[in-house]
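User: I'd like to go through a few labels in this model and hear what backs each one up. Can you take me through them?

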Amino acid sequence: MSYILNIETATTNCSVSLSKEGEILVLKEDYNTNYSHAESLHMFIEEVIIASKTKPSQIDAIAVSKGPGSYTGLRIGVSAAKGLCYALNKPLISVATLQSLANQVTINDGIIVAMLDARRLEVYSAIFDKNHNKIRETKAQILDENSFKDYLEKGKVYFIGDGVEKTKTLIKHSNAIYIEDKLPSAKEMSKLSYDKYKKNDIEDVAYFEPYYLKDFIGLKQKS
């Protein structure tokens, strides 16, 4: 039996799950933390382990959402995951945030655009086919009314993530389908992390860093 603890903190959703053989045993999350993950994450981890009636020593691997996403959120999640890996002597698995987000959508045709808000008119996005295979790499892009036009002219495009709100105000194409109020979750991480675990696709705990996509820019405080 393979038990994996999954940690997702790339957005405002603080999400933790424990899965067995890729199936969710317990899920704990809060979509409205406003990036207060430092206050919630370790409590959620403890609650998930207790609710699953397992012991920390039974966990076979720790999986973490690697980004892109909130700089602070990713740092908190990765730091917690690394700490657990060191304490329990377990391997670290990273899961692409936009991949797990795209896996929330089930379609028969068309494509999926998983997108996260990157402030102003910018989003982090990646494109997947109906089988959740990535067909366009992750990009930071400025949106306008012509964004994704080539894909929209060919068929249905399903947009998901917190970048949807700004996108739907710009893109009015009839093939655009907006799936609102969805954020990355540790729920979808379970199968992805288990697939990587079976392949021994793990990270070097000492050197692993989140995938920020862009450099962090601190905001100056107003005098």
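Analyst: Buried means under 20% relative accessible area, exposed means over 50%, and partly exposed is in between, with a 1.4 Å probe and protein chains only. This is a predicted model, where local features need pLDDT of at least 70, side-chain atom pairs count only at pLDDT 80 or more, and totals for chains, interfaces and linings use all residues. Residues are numbered from 1 along each chain as its sequence is written, and side-chain values use heavy atoms, with hydrogens and water left out.

User: Why is Lys53 called exposed?

Analyst: Its relative accessible area is 76%, and the cut-off is over 50%, so Lys53 counts as exposed. Lys53 lies in the loop between α1 (37–52) and β4; helices here are DSSP runs of H or I with at least four residues, strands are runs of E with at least two, and both are numbered from the N terminus.

User: What makes the phi of Lys53 worth a remark?

Analyst: Most residues other than glycine have a negative phi. Lys53 isn't a glycine, yet its phi is positive, about 60°. Asn89 does this too, with a phi of about 55°, in the loop between α2 and β5 (92–95).

User: And how do you know whether Asn89 is buried or exposed?

Analyst: Asn89 has 68% relative accessibility, so it goes down as exposed.

User: What makes the length of α6 agree with a helix?

Analyst: The expected span is 1.5 Å times one less than the number of residues. For the 13 residues of α6 (residues 186–198) that gives 18 Å, and the end C-alpha atoms are 18 Å apart, so the two agree.

User: What do the buried residues of α6 pack against?

Analyst: Contact means heavy atoms within 4.5 Å. On that basis they pack against β1 (3–8), β2 (14–20), β3 (23–30), β4, β5 and α3 (97–102). Among the buried ones are Met189, Leu192 and Tyr194.

User: How many disulfides are there, and how do you know?

Analyst: A disulfide is a pair of cysteine sulfur atoms within 2.5 Å, and by that rule the count is zero. Cys14 is in no disulfide, as the nearest cysteine sulfur, that of Cys85, is 17 Å away. Seen from Cys85, the closest cysteine sulfur is in Cys14, and 17 Å is too far for a bond.

User: Why are Cys14 and Cys85 called buried?

Analyst: Cys14 has a relative accessible area of 0%, so it is buried. Cys85 is at 3%, so it counts as buried as well.
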